[in-house]
Amino acid sequence: MTSSHDSLRGRRVLITGGVRRLGRAFALALANAGADVVVTTRHSDEEATELLQAITPLGGRYAAIQSDVTVPEQVSRAVEEATGFLGGIDLLVNNAGMFESAKLEDLTPEQWDRVFATNTRGPFLMAQAALPHLRSSQGRILNIGSLGGIRPWVTHGHYCSSKAALHMLTQTMAKAWAPEVSVNAIAPGMIRFPDEPERMAAKTPMQRDGSPADVVKAVLFFASAPRFITGQILAVDGGLGLA
């Protein structure tokens with residue numbers, strides 16, 4: 001299958017949490033644009049096999065690696081296996097994340113640590129492990145943040161704080177690892193999948209929840225945008241953050 005995104009032909013991409021929901025959409029879109037894709041998943045399951053079956057006809061290389069981004073040893077192994085399979089990394093998409101609701105006054109230290117381990121420490125560990133390969137390829141890092149990292153949600157204090165920290169980490173990485181590596185983040189707002197009801201459309205200036213396709217287009221933009229763009233946090237929220 002040909003793609004209008006010729007600049008991604010042969011690009012080597014590693015996506016964490018890449019077999020479900022947005023991660024799956026990113027993997028399919030990048031593969032359709034010509035990239036070779038490795039995804040990580042915490043479980044070796046049917047979803048990884050289904051994604052393989054969907055990507056295979058697109059013509060690129062694809063592999064799934066079982067890895068938990070909260071475990072340093074598994075992160076190092078995942079990067080080693082991915083680079084062995086791909087021959088390097090041009091783009092790291094830190095997508096693996098954890099979403100949880102809880103009243104701020106009821107949050108336990110265990111809940112706080114678990115969310116930060118996945119949403120903030122995980123991207124740091126992955127980026128740190130992949131850095132030598134990304135420097136060699138003049139590559140890119142794209143962190144998947146959240147509108148919750150920009151706007152406070154009172155029933156998601158630990159989640160919002162972890163994503164705000166990821167946004168700051170993005171900018172710190174961008175400054176520390178330039179000029180070899182460009183680093184940006186996408187902050188999705190309310191994203192609705194086909195089997196889900198509208199939630200925030202009435203409060204969103206664009207009068208609808210976002211779709212996976214909206215976020216996918218932002219990922220494709222950063223995958224091929226000028227490397228001179230770095231340290232940016234792009235809200236993909238239909239203007240919800242303005243409300």
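Mentor: The side chains of E100 and Q111 are joined by a polar contact of 3.4 Å; such a contact is a pair of N or O atoms within 3.5 Å, where within protein one atom must be able to donate a hydrogen and the other to accept it, and where residues adjacent in sequence count only if both atoms are side-chain atoms. The side chain of R114 makes a polar contact with the side chain of E100 as well, at 3.0 Å. The model is a predicted one, in which local features need pLDDT of at least 70 and side-chain atom pairs count only at pLDDT 80 or more, while totals for chains, interfaces and linings use all residues. Residues are numbered from 1 along each chain as its sequence is written, and side-chain values use heavy atoms, with hydrogens and water left out.

E100 belongs to the loop between β4 (91-94) and α4 (109-137); helices here are DSSP runs of H or I with at least four residues, strands are runs of E with at least two, and both are numbered from the N terminus. With a relative accessibility of 16%, E100 is classed as buried, since buried means under 20% relative accessible area, exposed over 50%, and partly exposed in between, with a 1.4 Å probe and protein chains only. When neighbours within four places in sequence are set aside, E100 is in contact with Q111, R114, V115, T155, H156, H158 and Y159, contact being heavy atoms within 4.5 Å.

Two packed helices are described by the angle between their axes and the distance between the axes. Here the angle is about 20° and the axes are 8 Å apart; axes are lines fitted to C-alpha atoms, for helices over the stretch in contact, and angles run from 0 to 180 degrees between N-to-C directions. The two helices are therefore roughly parallel to each other, a class for angles under 35 degrees, whereas over 145 is roughly antiparallel, 65 to 115 roughly perpendicular and the rest oblique. The crossing of α4 with α5 is right-handed, that is, the near helix is turned clockwise from the far one by less than a right angle, and left-handed would be anticlockwise.

P179 lies in the loop between α5 and β6 (182-188). Most residues other than glycine have a negative phi, and most peptide bonds are trans. Q207 has a positive phi, near 65°, and is not a glycine. Q207 sits in the loop between β6 and α6 and is exposed, at 54% relative accessible area.

T16 is placed between β1 (12-15) and α1, and with a relative accessible area of 1% it is buried. A polar atom of the T16 side chain lies 2.9 Å from the backbone nitrogen of N95. Beyond residues up to four places away in sequence, T16 touches residues including V93, N94, N95 and M126.

Helix α1 (residues 21-32) in turn meets helix α6 (residues 212-224): their axes come within 10 Å and cross at roughly 50°. That angle makes α1 oblique to α6, and the crossing is right-handed. The contact is made by L22, A25, F26, A29 and L30 of α1 with P212, V215, V216, V219, L220 and A223 of α6; by class, it has 11 nonpolar, no polar and no charged residues. P212, a residue of α6, is buried at 15% relative accessibility. Leaving aside neighbours within four places in sequence, P212 is in contact with L22 and A25, and also with I191, R192 and F193.

Note on methods
Nonpolar A, V, L, I, M, F, W, Y, C, P; charged D, E, K, R; others polar.
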